[in-house]
Each structure stands twice: as structure tokens, then as C-alpha cells.
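These are my notebook entries from an afternoon of looking things up in one structure.

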Amino acid sequence: MSTAKRDFLVGIEKRYQKLWATEKLFEANVKSTEDEKYFGCIPIPYMNGRLHLGHCFTITKVEYAARYQRLKGKNVLFPFGYHVTGMPIKACADKLKYEMATFGCPPVFPLDTEDIAVVETESFDKDP
């Protein structure tokens, strides 16, 4: 199997990452209080499951605004991260543990949907 397309895209990515690092395009550096500034802020996505389109919908609105303001010459600060603590991350870990115990690692999923129902029923009958 050829990886030429992937290698080509990775090459483009590395070229632009180098340009961005050299030009410091994504660094906020306010030299004086006179400079125009823009601060983009969104609620931090809370990881209570897999990433989905809703996360992208929320993030892209502020990201586009931040990029537009940067094009207008403003010093832009758009901090971003994910909140991954507490019970949601515990629930995800428990789900992974259950799936690994049930289907193996790497997983071998049943081919018939009736087999899946039997596996799920049996797992709920057991004490934790």
C-alpha cells in the first residue's frame, strides 16, 4: 500500500508548521498597551464521551473570529484546552475496561447482533 499521498500531506503540514514557528504567527506578543488586542474565549469542552460535531461547531465560531482579528492586525489570544477530570473520565475509563474485558485487546467483536445482546445481558448479571 502506497503512503505517497499521506507523505505529501505531512510534508505540507511540516512546511507550514515551520513557517508559523519562524514567523511566530500564533504567539500573542503585546508590546504596549496601545496595541489592539482580541481575546477569544469559549467554555472548555467537557469530555464526557467521544468528540463529536457539536465540539467542532462551538470551537470553530471563536477560532474563525480569532483568525479574522489576526488578519486585521490585532494581537490575538485564543487559549484552548479540554477539561478531562472527574466522573466523566472515570465513566470513559470504566467503559474501556468493560469493552477490553468483554471483547479483548485488540477487540474481536461478534459478527451477529444476537451475540452482542447475549454478551451485554451476561455482563449485567454479574456483580462488579
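**Entry 1: a starting point**

In which loop does phenylalanine 26 lie? I found phenylalanine 26 in the loop between α1 (4-23) and β1 (37-39). Before going on, I noted that this is a predicted model, where local features need pLDDT of at least 70, side-chain atom pairs count only at pLDDT 80 or more, and totals for chains, interfaces and linings use all residues. Residues are numbered from 1 along each chain as its sequence is written, and side-chain values use heavy atoms, with hydrogens and water left out.

**Entry 2: the chain as a whole**

I looked up the elements and found four helices and two strands in the chain. Helices (H or I, at least four residues) and strands (E, at least two) are DSSP runs, numbered from the N terminus. Along the sequence, I read the pattern α-β-α-β-α-α.

Next I checked burial. Of the 128 residues in the chain, buried ones make up 11%. Here buried means under 20% relative accessible area, exposed means over 50%, and partly exposed is in between (1.4 Å probe, protein chains only). Phenylalanine 26 counts as partly exposed because its relative accessibility is 41%.

I turned to the second largest pocket and noted about 210 Å³ of space in it. The elements that give two or more residues to its lining are α2 and β2 (75-77). The largest share, four residues, comes from α2.

On a 1 Å grid over the protein atoms alone, a pocket is an open set of points where a 1.4 Å probe fits, with protein on both sides within 12 Å along at least five of seven lines; lining residues have an atom within 4 Å of a point. Grid points are joined across faces, edges and corners, and a volume is the space filled by probe spheres set on the points.

Which residues line this pocket? They are Phe26, Ala28, Glu63, Ala66, Arg67, Arg70, Val76, Leu77 and Phe78. I sorted the lining into six nonpolar, no polar and three charged residues. In this sorting, Ala, Val, Leu, Ile, Met, Phe, Trp, Tyr, Cys and Pro count as nonpolar, Asp, Glu, Lys and Arg as charged, and the others, Gly among them, as polar.

Alanine 65 is partly exposed, because its relative accessible area is 24%.

**Entry 3: salt bridges**

How many salt bridges does the structure hold? I found four, each being a side-chain nitrogen of Lys or Arg within 4 Å of a carboxyl oxygen of Asp or Glu.

One of them joins aspartate 7 and arginine 6, with the closest N and O atoms 2.6 Å apart. Aspartate 7 is partly exposed at 39%, whereas arginine 6 is exposed at 52%.

Another pairs glutamate 63 with arginine 67, at 2.7 Å between the closest N and O atoms. These two are four residues apart in helix α2, so about one helical turn separates them. An α-helix has 3.6 residues a turn, so residues three or four places apart point the same way.

Lysine 95 and glutamate 99 form a bridge too, with their closest N and O atoms 3.5 Å apart. They are also about one helical turn apart, because four residues separate them in helix α3.

**Entry 4: helix α3 and what follows**

I tested the length of α3 (residues 87-103). The expected span of a helix is 1.5 Å times one less than its number of residues. For its 17 residues that should give 24 Å, and the end C-alpha atoms are 24 Å apart, so the two agree.

Just after α3, glycine 104 takes a positive phi of about 90°. Is the peptide bond from cysteine 105 to proline 106 cis or trans? I noted cis, with omega near 5°. Proline 106 is in the loop between α3 and α4 (113-125).

**Entry 5: cysteines**

Last, I looked for disulfides, meaning pairs of cysteine sulfur atoms within 2.5 Å, and the count came to zero. Cysteine 41 is exposed because its relative accessible area is 55%, while cysteine 56, at 43%, is partly exposed.
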